[in-house]
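This report walks through a few parts of one protein model for a reader who has not seen it before. The sequence and the structure come first, and the text follows.

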Amino acid sequence: MDVGLDASGSRHLVEALTLCNTILTRYSRVGLSLSDAELMAFRSVESKIKMMTPEMHSVDVVDTSDAPKVPTQAIVHNMGSSSHQLMALAESTVNITKPLSVIMRALSEEISSILSCDARVYYVDRNDALLVDPLHGVAAPLDQTSALGKSSSVRNKYTIANTMYIPLHMEDVYVGCIEAPGGRITAAQHSYLEPVLKIASVALRNCMVAEANQWETQKAEAMLSMATRLARDALDESVLIQSIMNTAKVLTESDRCSMFIVKDNGTLEAHFEDGNVVSIPSGTGIAGYVARTGDVVNIPNAYEDERFNRDVDKATGYHTKTILCLPVRYEGTTVAVAQLINKQDLVTDTELHLPRVFGKRDEELFETFSMFAGASLRNCHINDNLVIEKKKSDAILDVVTLLSNTDIRDVNGIVRHVLHGAKKLLSADRSSLFLLDKERNELYSRMADSVSGNEIRFPSGQGIAGTVAASGTGENIPDAYRDPRFNSSVDKQLGYRTQSILCEPIILNGEVLAVVQLVNKINSDGTIGRFTKKDQNTFKVFSLFAGISINNSHLLEFAVNAGREAMELNEYRNNVTVTKTGKTKLLSISKVERNAVLSIMFDEKYDFTSTKFNLFDVREYCSSPLNAAAALIYKLLLSTGLPQKFGCRDATLLNFILQCRKKYRFVPYHNFFHVVDVCQTLHTFLFTGNACEFLTDLECYVLLITALVHDLDHMGVNNSFYVKTDSPLGILSSASGNNSVLEVHHCNLAIEILSDPDSDVFEGLSPEDVRFAYRGMIDCVLATDMANHGEL
């Protein structure tokens, strides 16, 4: 061997190793770690040394610099041994199938050995925003309020109060932190610590992923369990809502929960854990905001949100900290709102209570759960509706059965069954039924909860019931005392308090037969509530059956009286007497009604005396067709001069026309417009066609007056229809032997109108002319029965 070469090579090798030592010292000082290429170079040197020196001797190389003396042979040796240790550490920590406690213990022991202290390893719990050490049962908030929490916002290690903190990141994602009280990093351990930290970062990231996966599995299992429980409780709404609240509390670890059910009218029905149920207006508070917008509201500090009602805490002594308010949807529609209050503290093994706020995981968890809750609530709602509809159907069927078994001659019995059925059907406290007296245009009743056998009568159009009778449209009044039409004196007399009123007409074939007034809706809990739109719709179905029974009763009464009226009419015709004072006083025509007719002005284009005159033009272009029709016939009759000739005052003629108008129904053909049209046509026959030349003036006058009364209170179909369809009226008419029951009825109503001095258009006639006028009118009206036209 060449000694010079050997000496020179030895010198170069020592210089190279000294240079390596110097570089390693600098790496340690500035916190750099060895690259992969450098590690490979050291491993290559290590293998060559092993080949040249079978027996390793530790040779210390003294560094004259300020850096600590590091045994170069030990560095190279440690390079080999550390790779085995790293492999073992990786195998024991990056395996996600191992329990979290095993992984954390391996990391903690390895890092404690490197840093020569009792080091703790924390991982990030993002749902609760905490740094958690499961080995020692401690945690810290993930914010700047603690020395440990500060690690979430820095990249490099830092020391506070002789405690070293090393943040751990994986692909720029913060995954945890190492807390090392009194920890220190030697130059010899620095190069080994770096890969250990990388392994720790990967292990913590894997733990977080594994925990998330485990959470998804647990969530799926919990959802299945909850769905099974909800399905079991789905038919009882109160039980279902309590089950949803309890489940939501467990899933989100909340202290309290409230449910707000969105009702059909938009209000919220608040359900609380103590069983209390309160109705609140839509849009009220945080729950109202969520119901309206469908947004999720997560409030970490309730007292900093202006929507939070602090008065509730003051009243209950409870302190609300955090709130999570979420919508419960079904097919895109918000059916309820869940309000979770106060996320429960995290309690460590050392009994340390760490406050928490609701996190993203809580929101996602409840969103999944709400799909089952929403479907269960909707199913419960559908079931409740079916039960309600069945109860309604049963109630209607009961009433229909009672009505069908009630003698139609017993009007009071029919009314009693209708009242009982309406109260039961709509859960009302009291009820009244007012029949419409079409001839007098009055409402009357002998059957009411507030009446003891005395008959009540009042004009149609007066009060709430009168308004409904006049308009044919129901009234739903939530607060009776706020309605000026309500008569509070009845409450004072009876010692009763009326709150809500539902007043609905009973209509058949477009005609108002009666009005039912229901008072004070009784809720399921016994409190007084308001009638709903559903109640109104339900009553409309019920009223169809009630209307048929009432109408049949009226028809029977009408038919029974027809024979008597026919006999009386025949006797009256043969023995007409004049009573100047009148035997009947009708409901007076108001000044407003008269002025409405007198104020009607017609264009010159209308020629009422022309055969080409079309009444439909007046009906179509006038804003008040009925007043226009009355004004037309008033002006037409006055234009003949006949009323003036026979001593009929203008006011009396107008009253007569308006009294006739009141007694015509709103049927398709035989209505007030029909008789005006007949009167105008008759006028053209008399004065344009000159038929008046063959008649006396009194006969012309009587014919024009008869035209206005010949269909009074016509029901829309003729006598033949009733007979051929075997209707109650037709059967009874045939049995009585009088088939002209309608015409007899028209005559009686005409006599009633003429018996009122204010509307007696025959007031100026002599007694002999009065008898002639009545007989002529009666004969003409009876002759309008088309069944008798073949005999003329």
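Asp-713 is found in the loop between helix H20 and helix H21 (719-724). The model is a predicted one, and in it Asp-713 has a positive phi of about 55 degrees although it is not a glycine. Is Asp-713 buried or exposed? With a relative accessible area of 4%, Asp-713 is buried, because buried means under 20%.

Asp-172 lies in the loop between strand E5 (163-170) and strand E6 (173-181). Asp-172 also is not a glycine and has a positive phi, of about 65 degrees. Its relative accessibility is 65%, so Asp-172 counts as exposed, the cut-off for which is over 50%.

**Helix packing**

Two packed helices are described by the angle between their axes and the distance between the axes.

| Helix pair | Angle between axes | Distance between axes |
|---|---|---|
| H19 (672-688) and H20 (697-709) | roughly 160 degrees | within 8 Å |
| H18 (650-662) and H20 | about 30 degrees | 9 Å |
| H14 (591-598) and H18 | about 105 degrees | 11 Å |

The axes of H19 and H20 cross at roughly 160 degrees. That angle makes H19 roughly antiparallel to H20, because angles over 145 degrees count as such. The crossing in which H19 passes H20 is right-handed. On the H19 side, the contact is made by Val-675, Val-678, Cys-679, Leu-682, His-683, Leu-686 and Phe-687. On the H20 side, it is made by Cys-700, Leu-703, Leu-704, Ala-707 and Leu-708. Sorted by class, the contact of H19 with H20 has 11 nonpolar residues, 1 polar residue and no charged residues.

H18 also packs with H20, at an angle of about 30 degrees. H18 is therefore roughly parallel to H20, since angles under 35 degrees count as roughly parallel. Phe-656, Ile-657 and Cys-660 of H18 make this contact with Ile-705, Leu-708 and Val-709 of H20. Which classes of residue does the contact of H18 with H20 have? There are 6 nonpolar residues, with no polar and no charged ones. Leu-708 of H20 takes part in the contact with H19 and in the contact with H18.

H18 packs with H14 as well, at an angle of about 105 degrees. This makes H14 roughly perpendicular to H18, because angles of 65 to 115 degrees count as roughly perpendicular. From H14, the contact has Glu-593, Arg-594, Val-597 and Leu-598. From H18, it has Leu-654, Asn-655, Leu-658, Arg-661 and Lys-662. The residues of the contact of H14 with H18 divide into 4 nonpolar, 1 polar and 4 charged.

**Other residues**

Tyr-318 has its place in the loop between helix H8 (310-316) and strand E11 (323-330). The relative accessible area of Tyr-318 is 15%, which means that Tyr-318 is buried, as the value is under 20%. Apart from neighbours within four places in sequence, Tyr-318 is in contact with Asp-255, Arg-256, Asp-313, Ile-341 and Asn-342. With one of these residues, Asp-255, the side chain of Tyr-318 makes a polar contact of 2.5 Å.

Glu-363 sits in helix H9 (residues 360-404). Glu-363 is buried, with a relative accessible area of 16%. Which residues does Glu-363 touch, not counting residues up to four places away in sequence? They are Val-296, Asn-298, Leu-324 and Leu-326.

Ser-35 is in the loop between helix H1 (3-30) and helix H2 (36-52). At 34% relative accessibility, Ser-35 counts as partly exposed. Ser-35 and Ser-191 are 156 residues apart in sequence, and their C-alpha atoms are 9.7 Å apart in space.

**The protein as a whole**

The protein has 24 helices and 21 strands. Of its 792 residues, 44% are buried. Among the contacts with a separation of 6 or more, 60% come from residues 24 or more positions apart.

Definitions and conventions:
Residues are numbered from 1 along each chain as its sequence is written. This is a predicted model: local features need pLDDT of at least 70, side-chain atom pairs count only at pLDDT 80 or more; totals for chains, interfaces and linings use all residues. Side-chain values use heavy atoms; hydrogens and water are left out. Helices (H or I, at least four residues) and strands (E, at least two) are DSSP runs, numbered from the N terminus. Buried means under 20% relative accessible area, exposed over 50%, partly exposed in between (1.4 Å probe, protein chains only). Contact means heavy atoms within 4.5 Å. A polar contact is a pair of N or O atoms within 3.5 Å; within protein, one must be able to donate a hydrogen and the other to accept it, and residues adjacent in sequence count only if both atoms are side-chain atoms. Axes are lines fitted to C-alpha atoms, for helices over the stretch in contact, and angles run from 0 to 180 degrees between N-to-C directions. A crossing is left-handed if the near helix is turned anticlockwise from the far one by less than a right angle, and right-handed if clockwise. Ala, Val, Leu, Ile, Met, Phe, Trp, Tyr, Cys and Pro count as nonpolar, Asp, Glu, Lys and Arg as charged, and the others, Gly among them, as polar.
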